[in-house]
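Subject: Structure handover

Dear colleague,

Here is the structure you asked about, with my notes below it. Please read them with the coordinates open.

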Amino acid sequence: METKAFQKIYTKLTQITKATFSLKATGIGYDELAFVNGKLAQVVKILGDTVTLQVFGGTEGIPTNAEVTFLGKAPTLKVSDDLAGRFFNAYGEPIDGGPPVEGEEREIGGPSVNPVRRKQPSELIATGIAGIDLNNTLVSGQKIPFFADPDQPYNQVMAMVALRARTDKIILGGMGLTNDDYLFYKNVFDNAGALDRIISFVNTTEDPPVERLLVPDMALTAAEYFAVDKNQSVLVLLTDMTLFADALSIVSNRMDQIPSKDSMPGSLYSDLAKIYEKAVQFPEGGSITIIAVTTLSGGDITHAIPDNTGYITEGQLFLRRDSDIGKVIVDPFRSLSRLKQLVIGIKTREDHPQVMNAAVRLFADAANAKTKLENGFDLTDYDERSLEFAKDYSNKLLAIDVNIDIDEMLDTGWSLFDKHFKKEEIGIKKDLVDKYWPKN
Amino acid sequence: MSTKGKVKGIIANLVIVGADGPVSQNEICYIHYRNIQLMAEVIKVVGNDAYVQVFESTRELKIGDDVSFTGRMLEVTLGPGILSKNYDGLQNDLNKMEGVFLKRGEYTNPLDEEKLWKFKPLAKPGDNVIAGDWLGQVDENDMPHKIMVPFSFGGTYHVKKISGEGKYKIADTVAILVDKEGKDIPVNMIQKWPVKIPITAFKEKPRPFKLLETGVRIIDTLDPIVEGGTGFIPGPFGCGKTVLQHAISKQAEADIVIVAACGERANEVVELFTEFPELEDVRTGKKLMERTTIIANTSNMPVAAREASVYTAMTLGEYYRSMGLRILMLADSTSRWAQALREMSNRLEELPGPDAFPMDLPAVISNFYSRAGYTILNNGETGSITFIGTVSPAGGNLKEPVTESTKKAARCFYALSQQRSDSKRYPAVDPIDSYSKYLEYPEFEEYIEKTISEKWIEQVNKTKTYLQRGKETYEQINILGDDGVPIDYHVTFWKSEVIDFVILQQDAFDKVDQSTPIERQEYMLESILELCESDFKFESFTEVDLYFKRIINQYKQMNYSEFKSEKFNNFENELNQIIQERIIVT
């Protein structure tokens, strides 16, 4: 981004904090961008002639006589088909050595879609992972995060989901991504020969944290271009939203705002909702689906970040290591896809909802049996059988290394019921039992 | 001349305006930005500075931008044509807006100016009338929509002239009233009312007593809500708050449904937009949407309008209540509204209360809930607003300020439990923690004795006792072990499981099971209580759960079948055979 020659240059800063600075200036618009000593900054507060700006790159080394030039516009991204296959930083500048992208310049963080212009999501996104497809089916236009501890393989699962989902574009918004993970994504996409349908906006751990605030809006502005203008199905991956929220709290703290729960700004819910609600299905066929990662500390979902996220997103996916089988599984209790009701038993086989519920209920019985066992009580025959079922269920369906289609998942479910239980123990509608219970 | 002003400061959607004349609290003003006007509401005044919350994005606003004050508070426009509309929080008709994206400064008319309504006079020349009295009625989607003396009219008026039967547009004069000074006042079908002020054009507001059937068993049977009652549903995310609320809105015995989707997911609103025009209203045979109004302020729409949206919805409800109709109003979720208050309070740099919420939060919430109720109108007719709000407690902790404040205001409490939700026991309403204060109302008891049966309340209390006892025995079994307790303990526990699986749990996605009329609820409860009061013979505890699982399975098949159909009767006969296997006949 270049400055224009006729622009007024300010050189007297009145206040500098770790993330913001103030100066006296007039005629400045709210949300407007400025350059301060070559670093990008954005107006966050105007009081009379005092303008406060947050500096995305941090205020390190900015002197009180720094040169400040205002750009007269909010952050923008140039959109065109040339975005495909490219890697950008948080400002939308290429980091892959290629030329800048030409196209229509659009403000990022634009207006919301009129709810009456949306269509109810109804297209299933198959991933081959039974813990997702069977129990927590994803639908295009949905927004759903992985809730995971930092040591869990969420980036791998997300990359797998992205590649198996048949979408026109995959947009990666990386916030505080380690360089290793960034290269992992790059390699996976490259090896799958999918680079031409991938667009990446990446802020790595090496970049200043406040820059991250731009990444989701950049990624979603690109997504809206393809979904609205080109009627394409777009999958947006946002990792890691916890680091995004941390950056929000840094800025609000520097602006002396009163923090609410867990030192997060009081507006956290609205800030996150503005991003996640960009997920949409349009009647013309275009869609934006968001899969995000929210890292937890010690599995605590009552922390303000996962808690607010859970209220915004349409479900959440939990990964957990199952010590009985020594594999990572998609936790059936704590995971949920709210939109699955729109497709299961409708786009999939009629027995899907009941098989799903029965299996989870039996898995819960096994969990109770396990507690009994741990407390030193005798197990009943039913307890023993449910424990055996749980192991099979984890191994054949919940584990993230499963890759089968949904009918096969349902058949596997029935065969496990048959192996461990009697018909009246599974509580499924009689018509379905008659039709699908294995015959031999 | 109206007050003008200039922008002096901007902090997100809070704008400080230097005003050149008088400004009142909650007054609406418009900020001129390029060719559009951004609506804002005064929330604080210091000297000549008005602090206004802008209902739109403030991007690119500048110091010195012009502001004009309107001298009026935030108002809704009332008149025929509100039903089946989709509004935003400020009552803009969303369907009239052009383009995929919401444009800043685009405001649309909530009513249709050109539509002709079939008017029938109800008042006669010579009548004396006061605010809220019915002058005539038009037919709005087969609902008798009363044209009333505007609520803002004080004192008594004399009807001079009233239009005859015929078709009129909303702006046509339908009556001429004469005030005390003898001045003629023409009245048309449109009136305006500020949303933050309750409409009180009724004679009295007695305690509500009529059962409001929702078809949801755990509510109707265990913790009933009444016409004009208030209730709230708190629960952590993923526990089925919205599914439960949607079920209530589809099935409840109300004339009109108003849904305020307040700061929640857009796809949930889209679900309403998609389903309600398709869903048939069993009682009228018409589409559900015809008697529904949806106020959508989804979580990505401007925060300040979120607060307005619940007030807009309530005011529309009060308008229809004054016509002698039964309104069901739902708000999902009131926590988002409280958070909107918190965001503004924070920007105003007010001293915070608990969890950084504003100090007056409990007062704001209870004031709002008190606008619901059962009313007797001036002409002796009755109307009601039943209000059910959801609360999204942070971290699922019911000790947070919004839940606690709401608990003081609402009479029914439907606590959603994470544990029940985890084991897929839906609706995940906790039968032990939840309550309905209406069960204690003598008026309600009297009503139930007449409409259901004399022993109903006794049966409900018995059911609650069985559930409580079941929970206690379950804890005992867990401490002492399966074989460490008498077999009776297992039987007691499993009897409570039968109640749980058959009465409490309900499949919101099954055509038959999703809604249970009260007659069927009575039949099932009777059957299950008979089972609970019987004694059974078992040799060992391992037989108990297998036996009761068969009973539950049989009952569930009954729940999935049409009431008293052949299938239903067959399952019931099989059930009776299973019961005969072990029952001890005394």
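Glu349(B) sits in the loop between α5 and α6 (361-369) of chain B. Its phi is near 60°, a positive value in a residue other than glycine. Most residues other than glycine have a negative phi, and most peptide bonds are trans. Glu349(B) has 12 C-beta neighbours inside 10 Å and therefore counts as exposed. Please keep in mind that this is a predicted model.

A positive phi also turns up at Asn141(B), where the value is near 45° and the residue is again not a glycine. Asn141(B) belongs to the loop between β11 and β12 of chain B. Is Asn141(B) exposed or only partly exposed? Asn141(B) counts as partly exposed, because 17 C-beta neighbours lie inside 10 Å.

Strand β11 (residues 134-140) of chain B and β12(B) run antiparallel and are joined by six bridges. Within this pairing, Trp134(B) has Met148(B) of β12(B) as its bridge partner. Both strands belong to an open sheet of four strands in chain B, ordered β12-β11-β9-β14, with antiparallel pairing. Its edge strands are β12 (143-148) and β14 (166-168) of chain B, each of which pairs on one side only. From one strand to the next, the twist averages 40°.

Further along chain B there is a hairpin. Strand β15 (residues 175-178) and strand β16 (residues 184-187) of chain B pair in the antiparallel sense over four bridges. Leu177(B) has Ile185(B) in β16(B) as its bridge partner. Five residues lie between the strands of this hairpin, and Gly182(B) takes a positive phi there, near 85°.

Next, the helices of chain B. How do α4(B) and α5(B) lie relative to each other? Helix α4 (residues 303-321) of chain B packs against helix α5 (residues 334-347) of chain B at an angle of about 135°, with the axes 8 Å apart. The two helices, α4(B) and α5(B), are therefore oblique to each other. Their crossing, that of α4(B) and α5(B), is left-handed. On the α4(B) side the contact is made by Val303(B), Ala304(B), Arg306(B), Glu307(B) and Val310(B), and on the α5(B) side by Arg336(B), Trp337(B), Ala340(B), Leu341(B) and Glu343(B).

One joins Asp332(B) and Ser333(B), with omega about 5°. Ser333(B) is in the loop between β21 (326-332) and α5 of chain B. Another cis peptide bond joins Tyr426(B) and Pro427(B), where omega is about -10°. Pro427(B) lies in the loop between α8 (418-422) and β25 (435-436) of chain B.

Which residue has its C-alpha atom 7.1 Å from that of Tyr426(B), although 81 residues separate the two along the chain? The residue is Asp507(B). Asp507(B) is found in the loop between α11 (487-504) and α12 (518-533) of chain B. With 18 C-beta neighbours inside 10 Å, Asp507(B) counts as partly exposed. Leaving out residues up to four places away in sequence, Asp507(B) touches Asp513(B) and Gln514(B).

Now chain A. Nine of the nine residues of strand β14 (residues 169-177) of chain A are buried, so this strand is largely enclosed by the rest of the structure. Two strands pair with β14(A), as follows:

- Strand β16 (residues 233-239) of chain A runs parallel to β14(A) and is joined to it by six bridges. The bridge partner of Gly173(A) in β16(A) is Leu238(A).
- Strand β15 (residues 198-204) of chain A pairs with β14(A) in the parallel sense over seven bridges. Here Gly174(A) has Val202(A) of β15(A) as its bridge partner.

A right-handed β-α-β unit is made by β14(A), helix α3 (residues 179-191) of chain A and β15(A).

Helix α6 (residues 268-276) of chain A is also mostly covered, with eight of its nine residues buried. The buried residues of α6(A) are Leu268(A), Tyr269(A), Ser270(A), Leu272(A), Ala273(A), Lys274(A), Ile275(A) and Tyr276(A).

Regards

Technical notes
Residues are numbered from 1 along each chain as its sequence is written. Chains are lettered from A and ligands numbered from 1 in the order in which they are written. This is a predicted model: local features need pLDDT of at least 70, side-chain atom pairs count only at pLDDT 80 or more; totals for chains, interfaces and linings use all residues. A residue is buried if 20 or more other C-beta atoms lie within 10 Å of its own, exposed if 12 or fewer, and partly exposed in between; C-beta atoms are placed from the backbone. Two strands pair if DSSP finds at least two bridges between them. A crossover is right-handed if, with the strands pointing away from the viewer, the path from the first strand over the helix to the second runs clockwise. Axes are lines fitted to C-alpha atoms, for helices over the stretch in contact, and angles run from 0 to 180 degrees between N-to-C directions. Angles under 35 degrees count as roughly parallel, over 145 as roughly antiparallel, 65 to 115 as roughly perpendicular and the rest as oblique. A crossing is left-handed if the near helix is turned anticlockwise from the far one by less than a right angle, and right-handed if clockwise. Two residues are in contact if their C-beta atoms, placed from the backbone, lie within 7 Å.
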